[in-house]
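Biologist: Could you show me the structure and then walk me through it slowly?

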Amino acid sequence: MRRISIFGATGSVGDQTVELIERAGGPRAFHTVALTGGRNISRLAEQARALRAEIAVCADPADLPALRDALAGTATETAAGPQAIAEAADRPADWTMSAIVGAAGLVPSLRALSHGATLALANKESLVTAGPLLMATAAAHGTRILPVDSEHSAIFQALTGEDIASVERIILTASGGALRDWPLSALAAATVKEALAHPNWAMGQRITIDSASMFNKALEVIETREYFGIAPDRIEVIVHPESIIHSMVGFSDGAIMAHLGAPDMRHPIGYALNWPQRAALPVARLDLAQMATLTFRAPDLARYPALRLAREVMAIHGLAGAAFNAAKEIALDRFLDGAIGFMDMAAVVEETLNRLSSETSLGKDAETLEDVLAMDHLARTRAAEAAVILRKSG
Ligand code: NAD
Ligand code: MG
């Protein structure tokens with residue numbers, strides 16, 4: 001029986017992963033090793049019961065008694081805290097879903113790769129913060145990373161049977177997020193609620209705001225570079241409001257392979273779960289005649305400074321990705337708690353990168369996890385300072 005683990009099981013991607021595992025037979029078809037979650041203890045316990053998990057781990061030790069109570073009478077072990085999550089990733093599994101949001105997903109990704117699990121990677125932050133380390137760990141252990149981000153799954157599928165050397169360009173599609181059609185001058189005053197009204201995708205709160213600001217696409221450009229090893233100048237972004245084309249690969253003969261489908265994360269999750277086979281998935285089938293048109297437009301860099309910053313980060317490389325992601329996480333926290341405005345997020349990230357460029361060697365290779373975590377920590381401190389200054393002057 002295939003052994004599986006899901007990190008971030010209670011989140012949007014994690015929960016859809018559990019759903020697909022249950023549809024495929026649940027505990028009759030899979031042996032569930034570890035499930036981890038953040039604050040939603042009742043959901044985590046429910047999932048652990050349904051899949052008969054070996055262990056359920058919650059992020060905060062304060063929630064452990066509640067998790068224990070909820071799993072009383074089952075054979076599922078319980079644990080809590082970042083260390084316990086990392087140890088759960090050490091348990092042998094054949095397939096691991098990395099779907100924690102943010103830099104907190106990096107350690108479980110790395111630890112799962114170190115014992116041979118195929119890693120289904122939704123946590124793009126792992127590649128943004130420590131791409132070379134992650135890819136080297138996978139290579140050293142002969143393990144495989146399967147992308148779960150819809151764009152990267154699309155690219156992966158478009159590359160099947162192709163020689164990567166014949167790839168001329170990769171075109172990432174972006175919906176443009178909730179504020180896509182707002183006048184530029186109104187963006188500064190956008191509220192959290194407005195930025196959360198995503199037109200096409202139902203996702204976790206953080207990635208939904210990141211879609212509106214295109215910080216999500218900025219992370220994905222970097223993710224593309226790290227995962228596929230494509231030069232930054234070959235990676236393009238195009239706004240495609242319908243989110244039907246999930247991304248495209250352009251080849252040296254001028255052909256473009258596009259991946260189309262309904263905007264439903266159960267496709268890329270299911271693809272990674274069944275790879276290298278394909279299995280029936282409960283996603284809507286496209287009616288192209290009814291759809292009639294698909295539209296495209298170039299992204300406006302004044303509207304989306306995050307895209308410009310991603311280019312700068314790729315030019316620096318090294319530890320810049322870890323700094324960029326950490327600063328973005330702090331900026332997002334400050335936007336969510338109302339301390340800074342929507343457009344201030346990019347200002348905080350830019351100021352953090354500027355300060356770190358003069359203060360440290362951002363371009364230094366991220367050789368160890370400790371290097372990455374130290375830069376993550378420093379960037380969080382600098383970003384918090386930048387947010388305070390911005391708030392005072394704003
Ligand atoms: P989410 O917020 O819905 O869920 C995140 C999960 O991580 C939850 O289980 C949460 O409890 C857990 N978590 C949060 N902080 C944690 C911490 N510090 N320690 C341990 N666990 C923690 O997020 P999501 O939308 O499912 O996204 C998960 C990842 O997948 C992100 O990296 C996101 O960028 C990526 N992704 C998501 C989607 C989507 O459709 N939701 C699409 C593509 C990529
Ligand atoms: Mg995506």
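This is a predicted model: local features need pLDDT of at least 70, side-chain atom pairs count only at pLDDT 80 or more; totals for chains, interfaces and linings use all residues.

Biologist: Okay, how many residues surround ligand 1, and which are the closest?

Modeller: There are 23 residues around ligand 1, and the closest are Thr10, Ser12, Val13, Gly38 and Glu125; a residue counts as near if one of its heavy atoms lies within 4 Å.

Biologist: Which atoms of Thr10, Ser12 and Glu125 lie by the ligand's oxygen atoms?

Modeller: For Thr10, a polar side-chain atom lies 2.7 Å from an oxygen atom of ligand 1, and for Glu125 an N or O atom in the side chain is 2.7 Å from an oxygen atom of the ligand. With Ser12, a backbone N or O atom lies 2.8 Å from an oxygen atom of ligand 1. A polar contact here is a pair of N or O atoms within 3.5 Å. Taken alone, ligand 1 exposes 830 Å², and the protein buries 83% of that, with areas from the Shrake-Rupley method and a 1.4 Å probe.

Biologist: And what is the shell made of, in nonpolar, polar and charged residues?

Modeller: The shell divides into twelve nonpolar, eight polar and three charged residues, where Asp, Glu, Lys and Arg count as charged, Ala, Val, Leu, Ile, Met, Phe, Trp, Tyr, Cys and Pro as nonpolar, and the others, Gly among them, as polar. Domain 1 (2–147) and domain 2 (153–291) each give at least three residues to that shell, the bounds coming from an automatic or database domain assignment. Helix H1 (12–23) and helix H6 (124–141) each supply at least two; helices (H or I, at least four residues) and strands (E, at least two) are DSSP runs, numbered from the N terminus.

Biologist: Switching to sheets, what is the order in the one with seven strands?

Modeller: That open sheet runs E4-E3-E2-E1-E5-E6-E7 with parallel pairing, two strands being paired if DSSP finds at least two bridges between them. Strand E4 (77–80) and strand E7 (145–147) stand at the edges with a single partner strand each, so one side of each has no neighbour in the sheet. Inside the sheet, E5 (95–98) and E6 (118–121) pair over four bridges, and Trp95 has Thr118 as its bridge partner in E6.

Biologist: What about the sheet of four strands?

Modeller: Its order is E9-E8-E10-E11, and the pairing is mixed. E10 (residues 245–251) and E11 (residues 256–260) are antiparallel over five bridges, with Met248 opposite Ala258. In their hairpin, which has four residues between the strands, Gly254 takes a positive phi near 90°.

Biologist: Last one, which peptide bond is cis?

Modeller: The bond from Trp275 to Pro276 is cis, with omega near 5°, and Pro276 sits in the loop between helix H11 (266–274) and helix H12 (288–291). Ser243 has a positive phi of about 55° although it is not a glycine. Most residues other than glycine have a negative phi, and most peptide bonds are trans.

Terms used: Residues are numbered from 1 along each chain as its sequence is written. Chains are lettered from A and ligands numbered from 1 in the order in which they are written. Side-chain values use heavy atoms; hydrogens and water are left out. A polar contact is a pair of N or O atoms within 3.5 Å; within protein, one must be able to donate a hydrogen and the other to accept it, and residues adjacent in sequence count only if both atoms are side-chain atoms.
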